[in-house]
Amino acid sequence: MISKMIAISALFLLVQLAAHDAYAQLGKGDSPFERNYGDVKFLDAYFGNLNEKIEVTPGDKNVPFTVVFANVGSQDITGIKGQLQLPLGFSPAAGKGAVIIADSDSEALAGKHFSLTFFVNLDKNIPIQQYPGTVKVDYTRLREAGQRNAFFDFTFRVTGESILNLKATDPFLISLKNNKVTVEISNLGTAPISNTKVVLQNTQTAVSATATPITNVESVVFDQSKWDVGTIDAQSTKKFTFTVYIPENVRTETLHTPFEVTYFNAHGDKVTDNRTVDFYINGLIDAKIYNIDVIDLSGKQTIIGEVINEGNTNALFAFVTLEPLDGSNIKKTTQFIDELETDSPVPFNIPVEFDGEPKYGDHKIKITVRYKDDARTEHLISAISTITLDDLTVKPEPTVMDFAPSIIGIIIVAAIGVIAYKKIKKRRATQTQN
């Protein structure tokens, strides 16, 4: 009797230990599900749908998790159901509990693969890494009574998510000149992307592929069209550069520049993404300063000159600034000259004023013209010149030429007197003879 009691107690203890092991932490023992092996083979497990893997990041909700199997048996199977158990940090999108349920309404033909898709919530605090999981598949063979099941342990990854972005560091270009362009390609996500390549889509085939083109790059000249960017880590940026010449007919338009970006994501899948980088095309303002000189204007010395815009669009809100250099005491002065129209000289004249006692002779000065383009971006041009200032208060010493008008006047009066005297004398002589 005692031996029978000991045997029963030992058997009960073994059952308890087996039950405990069955529900132990995943990855450290047997699966928590009962194991009855069937004719189903595990192939793969990943986030996404059957034909498309997706990147996920901690905190994502209601994410599809697909497990792919193969029916390696000799008969078709039906009534397929799945139970999925994942580690702490993963939970069912619908309901609560540790086990996530999925059903498949279709049959799985013998020798074909099938899949079960579960919907999962990811806790925001889980790390990006590899995790273990366990799945149980229940199914029924056609023309056979009773349910079969299969169990599989597997690993899967929380990959993180790559977020691609393209933008120009300076979105403003200028027509009628070569522009050096820098484009930033950023990965704002949590997963790296690798073997990144960028191709400019500016061929005639690409442009005419649609009835209504969305780009106007067909008349723009690029010096290159392909760039190998390499790996872009999470939360990092790389750059690529090129030179582009903008013709006159694209002035004041937005240039839509299409790029095709290909890379490999965290799953190792090749991804092709089409992006457009926009540029605004300013007209060309080519302002130059000419003919800096000094004139006497109403008894005051005045610095004059001309600003000529040799571009194809007007400059706005232009100012001219006179600035002394190298010890000159000419007072710094600014003058508003309004718009700089194309092919039309705009004169300026700045009266000379001194900061302190006047200094005459040579003065080194700088003339600066400040203006804005159509985008209200300010630009500066300047020219340096040496001018000579005279003291207008000092009267020069008289010369012979200064007396010339008086001498000429006296000579004329004397000549007139001589002629008059001769006429009077002749008249008197005639009267005496009569």
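Which residue forms a salt bridge with Lys288? The partner is Glu310, and the closest N and O atoms of the two are 3.6 Å apart. A salt bridge here is a side-chain nitrogen of Lys or Arg within 4 Å of a carboxyl oxygen of Asp or Glu.

Before going further, here is how to read the values. This is a predicted model, in which local features need pLDDT of at least 70, side-chain atom pairs count only at pLDDT 80 or more, and totals for chains, interfaces and linings use all residues. Residues are numbered from 1 along each chain as its sequence is written, and side-chain values use heavy atoms, with hydrogens and water left out.

**Salt bridges**

- The structure holds 11 salt bridges.
- Lys288 sits in strand β19, while Glu310 is in the loop between β20 and β21 (315-325), so the pair links distant parts of the chain, 22 residues apart. Strands are DSSP runs of E with at least two residues, and helices are runs of H or I with at least four, numbered from the N terminus.
- Lys288 is partly exposed, with a relative accessible area of 30%, and Glu310 is partly exposed as well, at 37%. On this scale, buried means under 20% relative accessible area, exposed means over 50%, and partly exposed lies in between (1.4 Å probe, protein chains only).
- Salt bridges that share partners join Asp286, Lys288 and Glu310 into one network.
- Glu184 and Lys239 also meet through their side chains in a salt bridge, at 4.0 Å from N to O. Glu184 belongs to strand β12 (residues 178-187) and Lys239 to strand β16 (residues 236-245), and this pair links distant parts of the chain, 55 residues apart.
- Is Glu184 buried or exposed? Glu184 is buried, with a relative accessible area of 16%, whereas Lys239 counts as exposed at 53%.
- Lys53 pairs with Asp44 in a salt bridge whose closest N and O atoms are 3.6 Å apart. Lys53 is partly exposed at 30% relative accessible area, and Asp44 counts as partly exposed at 29%.

**Strands and how they pair**

- An open sheet is formed by 3 strands in the order β19-β20-β23, with antiparallel pairing. Two strands pair if DSSP finds at least two bridges between them.
- The edge strands of this sheet are β19 (287-297) and β23 (346-351), each of which pairs on one side only.
- From one strand to the next, the twist averages 20°. Axes for such angles are lines fitted to C-alpha atoms (for helices, over the stretch in contact), and the angles run from 0 to 180 degrees between N-to-C directions.
- Strand β20 (residues 300-309) is joined to β19 by 9 bridges, and the two run antiparallel. Ala287 stands opposite Asn309 in β20.
- Strand β17 (residues 254-264) and β18 pair in the antiparallel sense over 11 bridges. They form a hairpin with 5 residues between them, and Gly268 in the turn has a positive phi of about 85°.
- Strand β11 (residues 172-174) is joined to strand β18 (residues 270-282) by 3 bridges, and these two run parallel.
- Which residue in β18 is the bridge partner of Phe172? The partner is Tyr280, and Tyr280 is also the bridge partner of Thr254.

**Nonpolar cores and a surface patch**

- The largest nonpolar core has 31 residues, and those with the most contacts inside it include Phe47, Phe65, Leu122 and Val158. A nonpolar core is a set of buried Ala, Val, Leu, Ile, Met, Phe, Trp, Tyr and Cys residues joined through side-chain atoms within 4.5 Å.
- Among the elements that give two or more residues to this core are β1 (40-49), β3 (63-71) and β7 (113-122). β7 gives the most, with 5 residues.
- Another core, of 28 residues, lies apart from the largest one; Val181, Phe240, Ile246 and Val277 are among its residues.
- Leu176, Val221 and Tyr245 make a nonpolar surface patch of about 240 Å². Patch residues have over 30% relative accessible area and no salt bridge, with like charges joined within 9 Å and nonpolar side chains (Val, Leu, Ile, Met, Phe, Trp, Tyr) within 5 Å. The areas come from the Shrake-Rupley method with a 1.4 Å probe, and for residues only the protein chains shown count as cover.
- Tyr245 has its place in strand β16 and counts as partly exposed at 32% relative accessibility.
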